[in-house]
Amino acid sequence: MNDIALQKNIFSTRNLRKFYQSTQTFALRDVSLDVPEGEFLGIRGPSGSGKSTLLYLLAGLLTPTSGEIYFKGWPLERLRNKAVYRRINIGFVFQDFYLYPRFTVLENMLFSCLRRFIVPAAIIKKAEAQLEYLHILKKKNVPVEVLSAGERQRACIARALLYEPQCILADEPTGNLDSENARNIMEVLQKINKERGTAILLVTHDEMVSGYAHRIVRIIDGSLHSC
Amino acid sequence: MNILHFFIKDVFRKKTRAFLTICGISVGVCVCILMLGIGESIKNSFKDVYGKRQIDIVVQEKDQLSILLSKLDAGIATEIKKLPSVVDVSAALLYIHKIKASAVPVFGWEPDSFLFDDTELLQGRRPIVDKKEAIVGEALGRSLKKDNTNQIKIKGVTFNVVGVFKSTSPFEQYAAALPLSDLQAAIHEAGKASFINVRLKPEYRIETMMENITRELEIKFPFIAAMRADAFIAEKTQFIVVGEQFSFLVGLITIIAVALGLANTMVASAFEKRKFLAILLALGWQKIEIAALFVFEALIVAIIGGAIGIFLGFKGTGYIFGLTSIQAFVPALNVVFVLKIVGMILGSAVVAAILPIWMTLNSDPVETIRSE
């Protein structure tokens, strides 16, 4: 595949391998994957198959043992500052929410702005706009531990959306939710994908994802299989 | 909304832990100030007393280690005054008197001397010769007032307190002063003085000239030892310097203990927040930014604890000592000294924060996020 083709993809991987020294296991074996911009990709597979490893590799939190990762045609290994890459381009949504207890929903969103002494009013406005988009603006001053699981996951998605990333990496976002809340969250992610064109890579065990994703791939024992 | 709002909220998220850490730092800083500050206070007060009174040379008995044991003929003062370089002299007798469990310095000063002239009276008047009258330092005055008495008894002779004087010296704050002849009579040391303070004419206040004058005095009066006032202070405060070194060591150990306590808190905090810190990495924070966040947290705790400790060190101990007979020995509030303490606290906070955060940030963030 040539460079122009790579640039049309938000992510591309070529022969990606990840070997964990600590467990002496291959989490990923020769994974080659193209994710076009604006795609909603579902990644399924059993526990320990390497799904989350793929997400963390794409985010630059892990370094591949071999193979290449491209973000919009740009090799990830050549990025000098992966933290800035993550901050600008990627939104993370986790199964366990990872919201900071005792802090309000808005404060949790603004944590990522603490590099500046004063959080700019424009960013607060932006954060409120995301909360409104996700219908939890009323809860902005509520400590996160008071929220329901569904509301917490919405707060987590709102945090991921703060910098309007080009891609959301969601690691089992419905794993801790009941079926109704899980459906709601999937609808929210689908809405973001459709209305904003944000690419979504969603790792899940859940069969339900098929109804929302454009495409599903499976990872079994570290190897990628198309469905 | 600013960064401090987040930091302070984060620190006080665990109220008990924050409270106990701040208490630990406060006590440590308070101890440091006590250990180092009191010695500093005594030394400064000596300098202050001699400096303010413009004393250039101090004369005492030759080969006498302690000024308390020094005995001179007070009449030498008149002889010294005749020297062309001398502008004024004042003989003084020192006696240590016991009031309850405390040692109270009692000074006998010549009635018309500059020692009385330069003493600032807060209330009352100067004692009159042969009337069995005395003035007392502020701290001793308070102590006597507490005991509901207006008299001090020296070797069976009762002296009425007729005035209270102000002094920057902790020794003088808890001291009494009376006319020289009255003290000589009371302690049966007629015609004696412990030391003689000499003021030189301004043109003779040059180190080499003063050295020459001290030598001249020692030649003229072979049984005396004459010293420049600054050398005299250095000699008399030598015990403080030794004590100060010991205090510095204890202070240093205390600060290390404070830093270890703070480090312990920061280790607990880093362990508790390890997932959150890994999430921050995933959200696009750089390691250096997370380290700064953590250092700021430690600094906030250290600053609050340090501020309370400094307040307790200077004001609290002053109040506690005020209730006792050692009330005069409160630490001196000295800007350089406070800055040293603040520097030590902040430095220890940074060190205490860096180690745990370094350990946390060097662990695999993905492993941390995945761990139960």
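1. In which sense do strand S1 (residues 9-20) of chain A and S2(A) pair, and over how many bridges? The two strands run antiparallel to each other and are joined over eight bridges, where strands count as paired if DSSP finds at least two bridges between them. Across this pairing, A:Phe19 stands opposite A:Phe26 in S2(A).

2. This is a predicted model, in which local features need pLDDT of at least 70 and side-chain atom pairs count only at pLDDT 80 or more, while totals for chains, interfaces and linings use all residues. Residues are numbered from 1 along each chain as its sequence is written, and chains are lettered from A and ligands numbered from 1 in the order in which they are written.

3. On confidence, chain A averages a pLDDT of 89, with 96% of the residues scoring at least 70; pLDDT is the predictor's confidence in each residue, from 0 to 100. Among the elements of chain A, the lowest mean pLDDT, 61, belongs to helix H1 (residues 3-7), and the highest, 95, to strand S4 (residues 66-71). Where pLDDT is low, the predicted coordinates should not be read in detail.

4. Chain A has seven helices and ten strands, taken as DSSP runs numbered from the N terminus (helices H or I, at least four residues; strands E, at least two). Four strands of chain A form an open antiparallel sheet in the order S2-S1-S4-S5, and its edge strands, S2 (25-36) and S5 (74-75), each pair on one side only.

5. The contact between the chains takes 22 residues from chain A and 19 residues from chain B, two residues being in contact if their C-beta atoms, placed from the backbone, lie within 7 Å. On the side of chain A that touches chain B, helix H3 (82-89) and helix H4 (105-110) of chain A are the elements that give two or more residues, and H3(A) provides the largest share, four residues.
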